[in-house]
Amino acid sequence: MLSRPLAIVAAFAILASLFLPWLSSPFGENVVPWSVLSKLDAAGAQAILADAGPETIAYGCSFVLAALFVIFALIGRESRLLAFLTGVLPVALVAWALVTLLRQTDATGLSFSGSDIPEVTTRMLGAGAWAWVLGASTLATLGVVDPGRRHARFG
């Protein structure tokens, strides 16, 4: 990839989001994924994985893919396909969550509309969520628009 440095930064942003606050609660407590994961024992992890839906598994896989992309990029073996998959998974999760949220509010009669999304996200989402989404969208975009490496011509 010609934009390998930018892609590495974007993948690192996804990985760094594990250690940054994702949500701000009304009680002043921030939700940081790593603080939750570090307190899990083997039984707790098994319980979570046993009841995990596909979106939870995809969320975890987004970090695994980001780590794989960083490793491959650091040794010069990154690919546009891996960049695209690493980026599109979180973007698809966010889109799915928004559609589900809007569909549930229609069914329950709550007064939440798509125009409320910018206000709610700026009020509740922390740096970790933004790093995850922005890093992912950057990687997905680079996976599509990056022309790849230039090959030397012999002859």
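Mentor: Let us begin with a definition: a crossing is left-handed if the near helix is turned anticlockwise from the far one by less than a right angle. In this predicted model, the crossing of helix 1 and helix 4 is left-handed.

Trainee: What makes the residues of helix 1 and helix 4 a contact?

Mentor: Contact requires heavy atoms within 4.5 Å. On the helix 1 side the contact includes Arg-4, Ile-8 and Leu-15, and on the helix 4 side it includes Phe-63, Val-70 and Leu-74. The axes of these two helices come within 9 Å and cross at roughly 145°.

Trainee: How are the residues of the contact of helix 1 with helix 4 divided by class?

Mentor: They divide into 13 nonpolar, 1 polar and 1 charged. Arg counts as charged, and Arg-4 of helix 1 is part of this contact.

Trainee: At what angle do the axes of helix 1 and helix 7 cross?

Mentor: They cross at roughly 150° and come within 7 Å; this crossing is left-handed. Among the residues making the contact are Leu-6 and Ala-10 of helix 1, with Trp-132, Gly-135 and Thr-138 of helix 7. By class there are 11 nonpolar, 2 polar and no charged residues.

Trainee: Why is Phe-12 called part of a nonpolar surface patch?

Mentor: Patch residues need over 30% relative accessible area, and nonpolar side chains are joined within 5 Å. Phe-12 makes the patch of about 670 Å² with Val-64, Leu-68, Ile-71, Phe-72, Leu-74 and Ile-75, and it therefore meets those conditions. Phe-12 lies in helix 1, whereas helix 4 gives the largest share, 5 residues.

Note on methods:
Residues numbered from 1 in each chain as written. Predicted model: local features only at pLDDT ≥ 70, side-chain atom pairs only at ≥ 80, totals over all residues. Heavy atoms only, no water. Axes fitted to C-alpha atoms, helices over the stretch in contact; angles between N-to-C directions. Helix = DSSP H or I, 4+ residues; strand = E, 2+ residues; numbered from the N terminus. Patch = residues over 30% accessible without salt bridge, like charges linked within 9 Å, V, L, I, M, F, W, Y side chains within 5 Å. Areas by Shrake-Rupley, 256 points an atom, 1.4 Å probe, with all protein chains shown as cover. Salt bridge = Lys/Arg side-chain N within 4 Å of Asp/Glu carboxyl O.
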